[in-house]
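Student: Hi! Could you walk me through this structure?
Tutor: Happy to. Here it is.

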Amino acid sequence: MDKKILESYKKAGKINSQVREEVLKMVRPGMKILDLAEFIEKRIEEIGGKPAFPVNIGINEVTAHYTPSASDKTEIKKGDLVKIDVGVHVDGYVADHAFTYCSEKNGMIEVAEKALEAGISVIKPGVRVTEISKAINGVVEKAGLGVVINLTGHGLEQYVIHGPPKIPNVGNDSGEILDEGMVVAIEPFVLESNGIVKDSEPVEIFSFMQTRPVRLPEARKILDMAGNEYNGLPFCKRWMVKKGFSPFKTSFALKQLETVDAMKGYPVLKESRGKPVAQAEHTVIVGNPSVVTTR
Ligand code: CO
């Protein structure tokens, strides 16, 4: 891997780890997740990175793609499983990192962390994806728990968050092999028994797909920002409101952009039976002994 690219990954990882430590010192029941998301995104910029996607804060069965809206009133309650998934990028090189906070002791968090470590421990150039999955699932099964089977780890590339290969958390016959220098995020989602997530409301997060002629001036501006400022990385309605667009016009423009396939929306993903989920995630450079986001 090019030295400059490696430095960017390391810097992004360091920022992400530092923000995690700051969050763990302040997060507590009663806190608004809007304040938490805003704090995290502000700190990322202050220490020299950029958010690679809006901070995802998923409580209990809300598993992924939930970022607070500009008027979100949700507060963290005692015993909630709060998944905090943060992306930091430096020049487009992304450190993707997640952890779960709970005010009470919850065994699923520990299992998610252990499964993550087990997955990371087998990563080396030439490893088959299926070996990583097996290592992750072995820990989860041994604990008598399950995983979300339709959420996977993934490859990372410059300005690409969900690149190939997919790294499932359940046994599979993937023939794919990880080569030296590939960057992957490993992320087990752990719950009481194997489950799936389903698309749900709301849709707050979007990303650029292609340029399309649109009439609405707000839609044109948002499309331009999505392509040029965010370089195709996901953004959210809250960020648009912060830039001075009204919530109504933002929603209207994004709906129009989605209709013409200029923009893709990411619906909130909820566990289909309403079961609470824990998550842990690190970003790893294959063949590099250190994990990008440090523990
Ligand atoms: Co990820």
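**The metal site and a cavity**

Tutor: Keep in mind that this is a predicted model. Along the chain, the donors of the cobalt ion are spaced as D-x57-H-x32-E-x93-E.

Student: Which residues coordinate the cobalt ion, and with which atoms?
Tutor: Asp-96 gives OD, His-154 gives NE2, and Glu-187 and Glu-281 each coordinate through OE. The distances run from 2.1 to 2.4 Å.

Student: And where in the chain do His-154 and Glu-281 sit?
Tutor: His-154 is in strand β6 (residues 153-157), while Glu-281 is in the loop between β13 (278-279) and β14 (282-285). They are 127 residues apart, so the pair links distant parts of the chain.

Student: Are those two buried or exposed?
Tutor: His-154 counts as buried because its relative accessibility is 3%. Glu-281 is buried too, at 0% relative accessible area.

Student: Why is the arrangement around the cobalt ion irregular?
Tutor: The four donor atoms subtend angles of 81 to 172°, and that makes the arrangement irregular. A tetrahedral call would need all angles between 85 and 135 degrees.

Student: Switching topic: how many cavities of 30 Å³ or more are there?
Tutor: The count is one, and the largest cavity has a volume of about 40 Å³.

Student: What lines the largest cavity?
Tutor: Among the lining residues are Asn-56, Thr-63, His-65, Lys-83, Asp-85 and Phe-189. Strands β1 (50-59), β2 (62-64) and β3 (82-90) each give two or more residues, and β1 gives the most, with three.

Terms used:
Residues numbered from 1 in each chain as written. Predicted model: local features only at pLDDT ≥ 70, side-chain atom pairs only at ≥ 80, totals over all residues. Heavy atoms only, no water. Donors = N, O, S within 2.8 Å, 3.2 Å for Na, K, Ca; no water. Tetrahedral: all angles 85-135°; square planar, octahedral: opposite > 155°, others 65-115°. Helix = DSSP H or I, 4+ residues; strand = E, 2+ residues; numbered from the N terminus. Buried < 20%, exposed > 50% of the residue type's maximum accessible area, 1.4 Å probe, protein only. 1 Å grid on protein atoms, 1.4 Å probe; cavity = no way out; pocket = protein on both sides within 12 Å on 5 of 7 lines; lining within 4 Å. Points joined across faces, edges and corners; volume = space filled by probe spheres on them.
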